[in-house]
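Here's a quick briefing for anyone opening this structure for the first time. Have a look at the model, then read on.

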Amino acid sequence: MWHGTTILSVRKANQVVIAGDGQVTMGNSVVKANARKVRFLSSGNVIVGFAGATADAFTLFERLEAKLEQHSGQLQRACVELAKDWRTDKYLRKLEAMMAVVDRNTSLILTGSGDVLEPQDGIIGIGSGGNFALSAARALIDLDFSAEEIARRSMKIAADLCIYTNHSIVLEKIGE
């Protein structure tokens with residue numbers, strides 16, 4: 001379980017979003033309140049959110065971008081190849097982060113243990129507040145809210161419950 005962030009992805013209708021809070025902590029102190037833990041890759045076709053060590057996440061962003069270029073934007077193939085490298089490379093194996101990665105059609109969770117997981121319901125929650133946000137999103141998914149509305153409401157709930165999560169939310173979306 002990573003301390004220091006909440007990342008949530010919600011897929012509904014023709015929209016997929018990733019939202020992340022902005023809080024960065026060091027021990028029991030808040031170092032920064034408005035960090036951007038959600039980014040576009042692959043010319044805006046892929047959104048990635050990370051939980052874990054910031055420098056490690058930036059390394060993984062760069063590696064994933066290279067894999068997406070190498071595999072012509074095929075998200076699943078690029079993520080599987082990154083996960084292989086992450087698990088077997090002596091340097092990468094020490095990186096401490098998790099990533100939620102989405103494109104128009106696919107939602108994936110990537111971990112340093114080689115996991116590339118596709119959630120069955122299109123909802124991903126990672127980080128210390130991930131389970132709070134995930135639970136809230138699952139409770140809201142059948143209501144008449146867009147993916148963006150569900151993500152914003154769920155992140156607010158997570159921020160109210162998780163001491164490592166704040167209300168400074170960055171949200172990126174693909175689709176209507």
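Helices (H or I, at least four residues) and strands (E, at least two) are DSSP runs, numbered from the N terminus. By that count, the protein has 4 helices and 11 strands. Keep in mind that this is a predicted model: local features need pLDDT of at least 70, side-chain atom pairs count only at pLDDT 80 or more, and totals for chains, interfaces and linings use all residues. Residues are numbered from 1 along each chain as its sequence is written, and side-chain values use heavy atoms, with hydrogens and water left out.

**The whole protein**

- With 176 residues, a compact globule would have a radius of gyration near 16 Å, and the protein agrees with that at 15 Å. This radius is taken over C-alpha atoms, and the globule rule is 2.2 Å times the number of residues to the power 0.38.
- Along the principal axes, the C-alpha atoms fill a box of roughly 40 × 40 × 25 Å.
- Of the 176 residues, 51% are buried. Buried means under 20% relative accessible area, exposed means over 50%, and partly exposed is in between (1.4 Å probe, protein chains only).
- The accessible surface comes to about 8700 Å², and carbon and sulfur atoms own 48% of it. Such areas come from the Shrake-Rupley method with a 1.4 Å probe, and for residues only the protein chains shown count as cover.
- Take the contacts with a separation of 6 or more: 63% of them join residues 24 or more positions apart. Contact here means heavy atoms within 4.5 Å.

**Helix α3 and what covers it**

- Helix α3 spans residues 130-140, and its buried residues are G130, A133, L134, A136, A137 and L140.
- Seen down the axis of α3, those buried residues fall within an arc of 165 degrees, so they line one face of the helix. The arc is that of the directions from the helix axis to the C-beta atoms.
- The cover over the buried residues of α3 includes β1 (6-12), β10 (123-127) and α4 (147-161).
- N131 also lies in helix α3, but N131 counts as partly exposed, at 49% relative accessibility.

**L8 in strand β1**

- L8 sits in strand β1 and counts as buried, at 0% relative accessibility.
- Which residues does L8 touch, not counting those up to four places away in sequence? They include A133, L134 and A137, as well as I123, I124, G125, A151, S154 and M155.
- L8 and F132 are 124 residues apart along the chain, yet their C-alpha atoms are separated by 9.7 Å.

**V30 in strand β4**

- V30 is found in strand β4, residues 29-32.
- Leaving aside neighbours within four places in sequence, V30 is in contact with Q23, V24 and T25.
- The C-alpha atoms of V30 and A13 are separated by 36 Å, though these residues are 17 apart along the chain.

**Two loop residues with positive phi**

- Most residues other than glycine have a negative phi.
- A13, in the loop between β1 and β2 (15-21), has a positive phi near 55 degrees. A13 is exposed, with a relative accessible area of 76%.
- S43, in the loop between β5 (38-41) and β6 (46-52), has a positive phi near 55 degrees. S43 counts as exposed, at 79% relative accessibility.
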